[in-house]
Amino acid sequence: MPGHRTRWTTTTILTTTAAMAAALLTACGDDDTPSSVASKAASAFASATAEAGRQLDDIKGGIDAKDAVRLAAPTTDGDGRTTVEVTARNTTDSTRSFAVQINFRDEDGNLLDATVETVSDVPAGGTGTGTARSTRDLGGKVRAEVARAVRY
């Protein structure tokens with residue numbers, strides 16, 4: 001589809017953003033206060049979320065489909081990454097694909113990570129699934145939420 005980025009591009013962009021956030025956090029000097037470090041981390045994750053939003057905005061002719069997407073309970077894979085199964089229901093009369101932004105949050109509701117999962121070629125009247133994966137080890141109890149979803 002014109003304007004649609006591949007999963008490889010999505011993963012690369014989000015991984016790069018997460019790596020920059022990690023570098024930012026590890027490069028903190030002795031004069032950094034806990035609040036300034038937290039502020040820098042929040043800014044880095046806001047950038048990741050903004051990039052995920054831009055990816056969805058790039059899809060031409062997309063329709064809001066947040067109500068057609070469900071998430072399973074998050075789990076942790078063998079690499080320590082949080083994963084969540086994404087199920088998209090296609091209520092149209094032709095095959096469609098879905099791009100879904102998933103936000104991972106901690107118990108207090110703080111944003112930990114964001115990613116975009118594509119569920120491709122969902123048949124008319126059917127469902128399709130995909131697995132969203134965090135860009136890094138999130139640790140602790142994590143919940144996942146559908147921030148946005150676009151059907152195209």
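Me: How many contacts beyond four places in sequence does the model have for residues 19-29, where pLDDT stays under 50?
Reply: This is a predicted model, in which local features need pLDDT of at least 70 and side-chain atom pairs count only at pLDDT 80 or more, whereas totals for chains, interfaces and linings use all residues. Residues are numbered from 1 along each chain as its sequence is written, and side-chain values use heavy atoms, with hydrogens and water left out. Since pLDDT is the predictor's confidence in each residue, from 0 to 100, and a contact means heavy atoms within 4.5 Å, both terms can be applied to this stretch. For residues 19-29, with pLDDT under 50, the number of contacts beyond four places in sequence is five.

Me: What is the average pLDDT of the chain, and how many contacts beyond near neighbours does the stretch of residues 1-17 have?
Reply: The average pLDDT over the chain is 79, and 67% of the residues score at least 70. Over residues 1-17 the pLDDT is below 50, and where pLDDT is low, the predicted coordinates should not be read in detail. With that caution, the contacts that residues 1-17 make in the model beyond near neighbours in sequence number 28.

Me: Which pattern does the chain follow along its sequence?
Reply: Helices (H or I, at least four residues) and strands (E, at least two) are DSSP runs numbered from the N terminus. On that basis the chain has two helices and eight strands, and their pattern along the sequence is α-α-β-β-β-β-β-β-β-β.

Me: In what order do the strands of the open sheet of four strands lie, and which are its edge strands?
Reply: Two strands pair if DSSP finds at least two bridges between them. By that rule the open sheet has antiparallel pairing and the order 1-8-5-6. Pairing on one side only, the edge strands are strand 1 (63-64) and strand 6 (111-122).

Me: Which residue in strand 8 stands opposite Ala-99?
Reply: Strand 5 (residues 96-105) and strand 8 (residues 143-151) run antiparallel and are joined by eight bridges. Within strand 8, the residue opposite Ala-99 is Val-150.

Me: Which residue in strand 7 is the bridge partner of Glu-85?
Reply: Strand 4 (residues 81-89) is joined by three bridges to strand 2 (residues 69-71), again in the antiparallel sense, and there Arg-70 has Thr-87 as its bridge partner. Strand 4 also pairs with strand 7 (residues 127-137), antiparallel and over eight bridges. In that pairing, the partner of Glu-85 is Thr-131.

Me: Which residue in the hairpin of strand 3 and strand 4 takes a positive phi near 85 degrees?
Reply: Strand 3 (residues 75-76) runs antiparallel to strand 4 and is joined to it by two bridges, with Thr-76 partnered by Thr-82. Four residues lie between the strands of this hairpin, and the residue with a positive phi near 85 degrees is Gly-80.

Me: Is Thr-83 buried or exposed, and at what relative accessible area?
Reply: Buried means under 20% relative accessible area and exposed over 50%, with partly exposed in between (1.4 Å probe, protein chains only). Thr-83 is found in strand 4, and beyond its neighbours within four places it is in contact with residues including Ala-73, Pro-74, Thr-131 and Arg-133. Thr-83 therefore counts as buried, at a relative accessible area of 11%.

Me: How far apart in space are Thr-127 and Ala-88, C-alpha to C-alpha?
Reply: Thr-127 lies in strand 7 and is exposed, with a relative accessible area of 52%. Not counting residues up to four places away, Thr-127 touches Thr-87, Ala-88, Arg-89 and Val-122. Although Thr-127 and Ala-88 are 39 residues apart in sequence, their C-alpha separation is 5.5 Å.

Me: What phi does Asp-121 have?
Reply: Most residues other than glycine have a negative phi. Asp-121 is in strand 6 and counts as exposed at 59% relative accessibility. Although Asp-121 is not a glycine, its phi is positive, at about 50 degrees.
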